[in-house]
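Hello,

Here is the structure I promised to hand over. My notes follow below it.

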Amino acid sequence: MTKLSDTQLVILSATAQREDRNVLPLPGSLRGGAAAKVVGALLSRGLIAETTTDSQTKADAALNRIWRNDEDGRAILLHITDAGLAAIGVEPEGGDSAPTGADEAPSAAAPQDAPAEADPAPKARTPRAGTKQAKLIEKLRSDGGATIDEIVVATGWQPHTVRGAFAGALKKKLGLEVTSDKVEGRGRVYRLEA
């Protein structure tokens, strides 16, 4: 029998009980990097699989029914596989584990098996215009990027506050990736990935 973590077991068990066999929504306490790590482990072990649909519905953290969108904008869903069902001791219904309607994006309505008072997923945060955080992002998105000293002058922050904003506000809260390079004559220059 496949060894599963408690979180993986909860996800697969909840999925097996859903009529559409969609892995999403994940438990409310599982978000961000932790969700990506658990889903990645299940995908790599073949217990769940991605299903590309013809729908152009955007992935929305608030609805939490579509995993992501491919490069063409089509919705990608996550479905439990026969191996995933077998791992939790559920007999597959035969053939393909994805339901016959898997080529359609799920509706925006909450699933019937969702608890009434489910924790709402965090909304994507965007900085307000004119704030120091907006200035920080503007400097990092400029053509040449910015050094810590240049950001200190623009925001009035201390250097350690700037570095903390890279890891906290930008990476963890906004999901932005800050990269850096050493540039001769300027020192370490930081940029936001486009």
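This is a predicted model: local features need pLDDT of at least 70, side-chain atom pairs count only at pLDDT 80 or more; totals for chains, interfaces and linings use all residues.

Helix 4 and helix 6 are roughly perpendicular to each other. Their axes lie 12 Å apart, and the packing angle is about 95°.

Which residues make the contact? Helix 4 brings Gln133, Leu136, Ile137 and Leu140. Helix 6 brings Val162, Ala165, Phe166, Ala169 and Leu170. By class, eight of the residues in this contact are nonpolar and one is polar. None is charged.

**Thr15**

Next, helix 1, which spans residues 6-17 and holds Thr15. Is Thr15 buried or exposed? Its relative accessible area is 0%, under the 20% cut-off, so Thr15 is buried. A polar atom of the Thr15 side chain lies 2.7 Å from the backbone oxygen of Ile11. Beyond its neighbours within four places in sequence, Thr15 is in contact with Arg21, Asn22, Val23 and Ile80.

**Glu193**

Glu193 sits in the segment after strand 5, which runs over 187-192. Its relative accessibility is 43%, between the 20% and 50% cut-offs, so Glu193 counts as partly exposed. Setting aside neighbours within four places in sequence, Glu193 is in contact with Glu177 and Thr179. Leu176 is 17 residues from Glu193 in sequence. In space, the two are 7.2 Å apart, C-alpha to C-alpha.

Best wishes

How values were computed: Residues are numbered from 1 along each chain as its sequence is written. Side-chain values use heavy atoms; hydrogens and water are left out. Helices (H or I, at least four residues) and strands (E, at least two) are DSSP runs, numbered from the N terminus. Buried means under 20% relative accessible area, exposed over 50%, partly exposed in between (1.4 Å probe, protein chains only). Contact means heavy atoms within 4.5 Å. A polar contact is a pair of N or O atoms within 3.5 Å; within protein, one must be able to donate a hydrogen and the other to accept it, and residues adjacent in sequence count only if both atoms are side-chain atoms. Axes are lines fitted to C-alpha atoms, for helices over the stretch in contact, and angles run from 0 to 180 degrees between N-to-C directions. Angles under 35 degrees count as roughly parallel, over 145 as roughly antiparallel, 65 to 115 as roughly perpendicular and the rest as oblique. Ala, Val, Leu, Ile, Met, Phe, Trp, Tyr, Cys and Pro count as nonpolar, Asp, Glu, Lys and Arg as charged, and the others, Gly among them, as polar.
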